[in-house]
Structure formats: C-alpha cells, structure tokens
Amino acid sequence: MKRFRMSLLLMLALTMTAVMPASAKKKPAVNQTERWSEAKANAWYAGLPWMSGCNYIPASAINQIEMWSKETYDPKQIDKELSWAQELGFNTMRVFLSSVVYEHDPAGFKKRIDNFLGICSKHGIRPLFVFFDDCWNAESHYGKQPAPKPGIHNSGWVRDPSMSLRQDTVTLYRNLSKYVKDILSTFRNDKRILLWDLYNEPGNNHLVTSSLPLLRKVFEWAREVNPSQPLTSGVWNLGKEYAPLNAFQLEHSDVISYHNYQPTPSHESDIKYFGALNRPLVCTEYMARRNGSMFFNIMPLLKEHKVVAINWGFVSGKTNTIFAWDTPIPSGKEPELWFHDIYRQDKTPFDQHEVDLIKKLNGK
C-alpha cells in the first residue's frame, strides 16, 4: 500500500459541494441526525483511558465469514486469545463483521456478536466493529471457506460486499441498509462497544471514487439509527485521486481515524495533519515491520499524542499475515522478519522485547 503526501488543507477544501450533488444537500434523509460536534467527540474521548489493541480475527478463521458463521464461530479460541490480549494490557480490538453471514443467519449472527462482546467484556476489552471493506478477494460465498494458500498474505480475506453485487445498487442498497440498521439498532446503546468503523479502505483495489456512493450510504444509514457510539471511516491513501473520499470521511466522521504503515516521520506528519481537525484520533492500522512501522517507534508516539493505537494482527493463523502483502513465500516457510502479528499459536512471541514494551506502555 503506497502512501502519497498532500496537504490536509487541500482535502478539507474539497467541501461537500464538490463531493455531494446539490440535490442530496437540499433534502437530508428523514430522521437523519447530525455529525457529533467537536465538543461532544472530545468529551467522549476525555472519559476514556488511552486505548490500544489489534485488528483481531482468531487464528482459526481465514476471513470474516469463517469467524462469524455458526459452524466455525470459535468462542473457546477467542476467549483464549483475548486473555492473552488482556495480559498485554490491550483494551480494544478492531473486528470486521460480515454481511454474508447476516444475509444467511441474521438472528444467529447477532447472538454471536453478543457472545463475542461478552468475552471481550470479561477481558476488559471494548471492540470497534467494521461493516464494509474494499480489500483483497473480490468475491465471497457463504459456507465452507477455502484453506489458506501457503505463504500468501490474507489469501482468503474477502471484500464486503462482493464486487458482483455492486452492479445492481437497488437490490444491494436495500439489503445492506437492512443489515447496517439492524446491527446498529440492536447494539446502539451497548456500552461494551467503543465505536463503529463503517467502511475499511474505501476505494482500494483501484476502485477509487466508485466506492463513494456506498460510503455515503453507510453513513446515511448509520445516522438514521443514531447510535450512542461514535462513527468513523479511516483515511488510508492521501493520493489526489482519493481526495473526494478523504474529504467525505473527514467531514462526516465523529472521530478521525486513519491508517499508516510507514516510519516515524510519516506517522508524525499524519498526527499533525489530522490533529488540526480538533477531534479524537484513532489509528486503526499500523505496524508492518518490513516497512519500518514497529511497536518500538510507533506505539510510544501514539501514546504520547493520546492517539488510539490499533496494530494489524495478533495471533499468527489462517490469515497468513506474518507474510508481507506483496512478498509471497510459496513454500510457506516462516519469514525471518514477520510482517504483522505478535504471537504464535502456542503463545510464543515473535519478539519478547515487543511484548515487554507493549506491557510497559499499557501499564502492565
């Protein structure tokens, strides 16, 4: 994922006049609530301790569908792994939901979310949930998921919704509106949930602004429900072609979230840019060792600026995220330098010094 630098002022100058048709501005959605004020967002954040954690999926699941399906949901594995997270002092986890599982088993899916929240609460963790995603495989299916491809990063991760569904937006929006509103309505006042991340990396896989209509829609649906938790969608690419997406995300998120997998100077620059918006900052993805984004240099920086710190990966498993995005190892041999993740499945850490640092920063 290459990052490009541009001025935050340029992004903010792209007001909603540039990214939203005039007709949409004249008639706001019925019952649609407003974005949180800066005062409300900062008051919410002031009531929290410093938050840190991981993008989380159990080692036993290859993707969102396998994590949440009735046949493969694994509460024992989740409980074990989150006990390790608790030992590190982590108090949040970023977790991807699945519209595919909801479509086939909405009641069961919500019960499993509730069960997951119970396990999180047991270990002092308040997760944030992600609805949509433009990363990795274009198509998904319900049922048995593929086995991991040796040495390939996220070989089974799927976009949500599938690309084939995006042609018929009438049907798609009807189904996704029901999904988003039902989940949000069910958990809108659940204090176990930290916040809602509505869309992960919109425009990735060369989709760019073709993802903007769905990004607009998910914020519209979420505002109609008006959950007690804040809403966000993270800026992940500062290239000029993504400026309309970035402007929309920054204009509509209650708290500002972003991704940065680069060394300290780049990350400090992002904190400075986004901090100018005077809202809480949440780094929802960082830590790619090969890229120079590591616990040693980035996590202390995030704590210093009281930015929520959520790295990618926890326990090495079926997602294969110890391997780099663009550097497959077909033999499946463990790389000398892990890309993401902290622990092997027997709880042996990749680097004990990292574990010691995480505990120290988290007051453990």
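At what angle do α9 and α10 pack, and how far apart are their axes? I looked this up first, keeping in mind that the model is predicted. The angle comes out at about 40°, and the axes are 9 Å apart. I put the pair down as oblique, since the angle is in neither the roughly parallel nor the roughly perpendicular range. The crossing of α9 over α10 is right-handed. On the α9 side I listed Y173, L176, S177, V180, K181, L184 and S185, and on the α10 side P213, L214, K217, V218, W221, A222, E224 and V225. Sorting those residues by class gave me ten nonpolar, two polar and three charged.

Next I checked what else α9 (residues 169–187) packs on, and found α8. Here the angle is about 40° and the axes are 11 Å apart. I noted this pair as oblique too, and the crossing as right-handed. F109, K110, I113, D114 and L117 of α8 make the contact with Y179, D182, I183, T186 and F187 of α9. My tally for this contact reads six nonpolar, one polar and three charged residues.

**α6 and α8**

I then looked at α6 (residues 75–88) against α8 (residues 106–122). Their angle is about 30°, with the axes 9 Å apart. Angles under 35 degrees count as roughly parallel, so that is my label for this pair. The crossing is again a right-handed one. From α6 I wrote down P75, I78, D79, L82 and Q86, which meet N115, F116, I119, C120 and K122 in α8. By class, that makes six nonpolar, two polar and two charged residues.

**Cysteines**

How many disulfides are there? I got zero, using a sulfur–sulfur cut-off of 2.5 Å. C135 is in none, and its nearest cysteine sulfur, that of C283, is 15 Å away. For C283 the closest cysteine sulfur is in C54, at 12 Å, so that is too far for a bond. Buried or exposed, I wondered about C135? C135 is buried at 5% relative accessibility, and C283 is buried at 0%.

Most non-glycine residues have a negative phi and most peptide bonds are trans, so I went looking for exceptions. The peptide bond from D160 to P161 is cis, with omega near 5°. I placed P161 in the loop between β3 (128–133) and α9.

That loop between β3 and α9 also holds N154. Phi of N154 is positive, near 50°, and N154 is buried at 2% relative accessibility.

What is the phi of M287? I read a positive value near 85°, in a residue other than glycine. M287 sits in the loop between β7 (281–285) and α13 (295–304). Its relative accessible area is 0%, so I marked M287 as buried.

**One more loop residue**

Last I looked up N204, in the loop between β4 (195–200) and α10 (212–225). At 15% relative accessibility N204 counts as buried, because the cut-off is 20%. I also took the C-alpha distance from N204 to R174, which is 30 residues apart along the chain, and got 23 Å.

Definitions and conventions. Residues are numbered from 1 along each chain as its sequence is written. This is a predicted model: local features need pLDDT of at least 70, side-chain atom pairs count only at pLDDT 80 or more; totals for chains, interfaces and linings use all residues. Side-chain values use heavy atoms; hydrogens and water are left out. Buried means under 20% relative accessible area, exposed over 50%, partly exposed in between (1.4 Å probe, protein chains only). Axes are lines fitted to C-alpha atoms, for helices over the stretch in contact, and angles run from 0 to 180 degrees between N-to-C directions. Helices (H or I, at least four residues) and strands (E, at least two) are DSSP runs, numbered from the N terminus. Angles under 35 degrees count as roughly parallel, over 145 as roughly antiparallel, 65 to 115 as roughly perpendicular and the rest as oblique. A crossing is left-handed if the near helix is turned anticlockwise from the far one by less than a right angle, and right-handed if clockwise. Contact means heavy atoms within 4.5 Å. Ala, Val, Leu, Ile, Met, Phe, Trp, Tyr, Cys and Pro count as nonpolar, Asp, Glu, Lys and Arg as charged, and the others, Gly among them, as polar.
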